[in-house]
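Thanks, everyone, for making the time. I would like to walk through how the two chains in this model meet, so please keep the picture in view while I talk.

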Amino acid sequence: MKRLPLEGIRVVDLTMMWAGPYATHRLGEMGAEVIKVEAPRAWDNVRTLFPIPGDEPWNASFYFNDYNREKMGITLDLSQPRGRELLLALVAKSDVVVENYRADVLDKLGLGYEALRAARPDVVLVSMAGFGKTGADRELVGFGPIVEQMAGLASLTGYGDDGVPYKTGISYGDPVGGLAAVSAVVLALIQRRRTGRGAWIDLAQRETMAEMLPEAFVAASRGEDPVHHGNRHPVWAPQGVYPCAGKEQWLALSVRSDAEWRALCEEIGAPEWAGLALAERRARHDELDARIAAWSAPQESVAAQERLQARRIPAARMLDSDSIHWDPHLLARDHWDFLAHPSTPPYAQPAPHWRLHEAAPRPRRPAPRFGEHNREVLCGLLGVSEAEFAELAAAGVIGEAPVGLVIG
Amino acid sequence: MRVLEIGGGVPAAFATRFFAGYGADVVRSEGPPDALTRDEEIALLAGKRRVGVPDAELRALALAADLVVEDGRPGALAARGLDPLALRAEKPALVVTSLTPFGQSGPHAQFEATNLTAHAAGGILSLTGVRGRPPLANGANQAWKLLGLNGFAASVTAYFGALLHGEGDWLDLSAQECAVGMLEFHGPRSAVDGLPSPRLGNRTTAIWGLYRCADGYAGVCALQRQVKALFEGIGDPELMQPRFLDPLERMKDDKELGKRVAHFFSDKSKAELLALGLRQRVPFGAVLTPRELLGSAALAERGFFDEVATPEGVARVPGRPFLGLDWQGGALATPAADTRAVLRDWLGAAA
């Protein structure tokens, strides 16, 4: 079987919540050996964000288990000297460390880049604080929605008739930062391969988010402020999201040309409008929207999508967080996988979406239970004796259940 | 490293932009003249060389490259004599990345698509906007950008794999699949309980939302461990009661809490709220515009923006996505300006 790109690379994963774990999940999918490090008193908050029934709710979080596959998991209390020593011993045997602590935390733990480099001279450290390690905003703290606001995206999103900016319905800044972190890791590894030098990457999630709207900065350079277009296109018309039969069923469609417009007019039974030029379509967009909505409202969204696609008009049924799992196209592409996990029943989880045609990655390892791989990593990889393993557990340096559990 | 960009839409142009900044020789083969707006051209093409060549020469350039990134319709590349599998057979170390709305296979692979329709198929649209109004698309073509960002990260990973193991691969990335796997907790929760998540507008909860403030809009996102500090910062003694402090009790009174938070925000400026967040160690944010960000002292201190000279004036665009590796902002070439030089540099005597 063809090897995955990152086979042979070991990653120490000090990340929590979503941005960092999203990154290390991708690294794991691409073949890296990822070892996630939590602490008995400082676990990944996503494990306990929502109340989950059962004896070990921290192991049964679907949210955690979805985004932490392809990783091993250990616990180390980094506030204790022995915890830090063991972490450095692990770093000495690893290629990469990824962390998304608040900007000052790693240094305060005595585990900054110089300390890691002393353990592993060519280590690649990727720090991904919300606002970076330097600069006047470095002490601000933020999650994905905050990052989105502070990077300009929220200012560009709105219906256009009320002046209200909108946040994305997910913490969009997190996976965006995570994807950038993956590229940072790999670029640094390429440099290391070429020069023998490691690197310290200072990734500010606010900046990686701002990368997602570069053309808006070109407009801003001319002194322009954002204009909310709703779902309309700044040039083409009509474009929008239209109601379909059923609760919260919608169809997105775009008309990019006069030919597509004529085809749409034929489909919706509006031949009298077929000759409208783009300028007229833009001027009468409200009127056109009403007519299209009258056509779409009694139809199933799938049927409307198929009818428009048959005429080569861009149209797509809006999928929601449930219907994504039943979309025939994604099913045909074998996008969902039901990976067994000891603490949760199987449910549809996304397979690796970076489809390498030949290496063909598939889900291999479920998310780790809390401290699941303590023995394998500490004794097997780092040579900790059984006697010391027991001492570490007794001292609370390691553990297999969170201490002081809180929800939220 | 040599990177060939074929196709010319936002996804491929966005993906290869970062390679150019980090030192690769990126060559763009022009797509249709309207594939990019002028602002997108300025933002995405600086630092690249631009060629206009017939398909036979394009094929030769592809075989001279380490990475080919394309965003044409499935099968279009093969129809031009650049079948990814054939290219890979001739040059096993080559990485080819194909970026499409729905991927290379499946019943929707040949669907006509735009950023909006791809966004709708990816699920994020369903979660954005308010109930009672249509779902709302993000600004700045995020379906295409997300596809491009995945294209960059996946391509550099596959290229590193080729360096390590001697073999490249053909990457098939779809905008839809890039999105459906990142619906935060909504995706896995719905997979478990079969219920779609509703659109919640600007407030997921009272302490995870966006509010009007004295000079615009600002937001707060607090975890349970930050709630006490948040309420202390707000200074409303009513909030220190268990019904607001306890995470489960709080949900029962979330609407009332939202009103109290909204009232607090209403007469504070963005600067005041950011300062409060700093003081209380609670995540506060402010809705800033790109123009405000161009004036940000913090971003200037970090050297975030590059300048791109154009006949229309100098544009300032996001530069390096992160610090720690050498980055070089580049100039904007005109279409096909570098054809002769690239054929010479990449194909040598064969040119």
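This is a predicted model: local features need pLDDT of at least 70, side-chain atom pairs count only at pLDDT 80 or more; totals for chains, interfaces and linings use all residues.

Between chain B and chain A there are 60 residue pairs in polar contact, both residues being at pLDDT 80 or more; a polar contact here is a pair of N or O atoms within 3.5 Å, where within protein one must be able to donate a hydrogen and the other to accept it, and residues adjacent in sequence count only if both atoms are side-chain atoms. On the side of chain B that touches chain A, helix 8 (residues 142-165) of chain B gives the largest share, 17 residues, with helices (H or I, at least four residues) and strands (E, at least two) taken as DSSP runs numbered from the N terminus.

Residues are numbered from 1 along each chain as its sequence is written, chains are lettered from A and ligands numbered from 1 in the order in which they are written, and side-chain values use heavy atoms, with hydrogens and water left out.

Turning to charge, the rule finds 18 salt bridges across the interface of chain B and chain A, each a side-chain nitrogen of Lys or Arg within 4 Å of a carboxyl oxygen of Asp or Glu. One of them joins D172(B) to R333(A), at 3.2 Å from N to O.

D172(B) also stands opposite R355(A), in strand 6 of chain B.

Key:
Two strands pair if DSSP finds at least two bridges between them.
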